[in-house]
Amino acid sequence: MEHTLKSENGVMTVCLRGEMDHHNAAPLREEIDAAITFENPAVLKLDLSEIAFCDSSGLGFIMGRYRRMNAAGGSMTLINPSAPTMKILRLAGVDALIDVEYTKGAVQ
Amino acid sequence: MNTLPQNRFKCIFPARSVNESFARMAASAFVAQLDPRVDELADLKTAVSEAVTNVIVHAYAGTEIPPEERVVILCGELREGRLAVFSVKDRGKGIENIKQAREPLFTTSAAEERSGMGFTVMETFTDKIKVTSRPGKGTSVRLYKRFSE
C-alpha cells in the first residue's frame, strides 16, 4: 500500500492508495503513527479517494488513528470515502464519530 | 429446491496474510460469470476477506500445527437462482464459543486493533452465514449470497 503525506499549519493530510485489509493495515499503522509522533498534528486528514477496498481491518486502522488523535486532543477527518467504505464505517457507527468530507467532484 | 451446484471451485492456500487479496479476487472472479452488480460484488469481496482474515489471524494462533499444515480452504458454488455459496475452512484450533465470537465488537486481539466486526460484516454483507466449528479440528464459515438479476 502506498501513501503520500503532507503537513501544513498543524494539519497532516495522508493520501492512501490501495487496499486496506489486515495484510496492509499493520505496516501502514506503523508508518502513519511514526509520522503522527514526528509531526504532532492538531488535525489528521485521511484521504481515502484512492482506497479500492476496505474491510473491518481497515476499519480497525481508522478507529485506531481516531482514538490516538482524540486522546491527544486533536481531531480527524476522512476525505472522500467510497460507497463500500462508507458502508463499513456506518455499520460500526464510525460516521457518527468522525467527520467525513467530500471534495468537489468526488463520487459518493 | 434444487441445490446441486451449477459450477464450483476449490482452492487451498497457506494461511498467510498476503493471500487475503488473492482469496477475495478468486471469489470475485468466480461470480463474474453472473455479471453481478458492482455493489454486490464489493459486498462479497468484503465478506470473503473477513472470513479468510479470521483464519489467518485466529485459526492457528497459539497452536503447534506446523506451518505447511496451516491452510485456508476456499470453496465456491453457484446454485440455481443466482445463489453463490462460499465456504472458508481451516484445520485449526476451532472456536469454543461461536455465539460470543459472532457478537459485534467481540475480539480476542484488541491490542492489534482488531475491530471485532468481522462476523457482523459477513452477516450484513451476505444473505446468510453458517458457522460450524470443532475444537481442535477446525472451523467452517459458509457465506450465502444471492445476486440480483
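A residue is called buried here if 20 or more other C-beta atoms lie within 10 Å of its own, exposed if 12 or fewer, and partly exposed in between, with C-beta atoms placed from the backbone. The model is predicted, so local features need pLDDT of at least 70 and side-chain atom pairs count only at pLDDT 80 or more, while totals for chains, interfaces and linings use all residues. Residues are numbered from 1 along each chain as its sequence is written, and chains are lettered from A in the order in which they are written.

Helix α1 of chain B covers residues 19-31. Buried in α1(B) are N19(B), E20(B), A23(B), R24(B), A27(B), F30(B) and V31(B). These buried residues fall within an arc of 145° seen down the axis of α1(B), so they line one face of the helix; the arc is that of the directions from the helix axis to the C-beta atoms. They pack against α1 (22-39) of chain A, and against β1 (7-14), α2, β2 (71-79) and β3 (83-90) of chain B, where contact requires C-beta atoms, placed from the backbone, within 7 Å.

Leaving aside neighbours within four places in sequence, V48(B) is in contact with A23(B), R24(B), A27(B), F86(B), V88(B) and L143(B).

Key:
Two residues are in contact if their C-beta atoms, placed from the backbone, lie within 7 Å. Helices (H or I, at least four residues) and strands (E, at least two) are DSSP runs, numbered from the N terminus. The expected span of a helix is 1.5 Å times one less than its number of residues.
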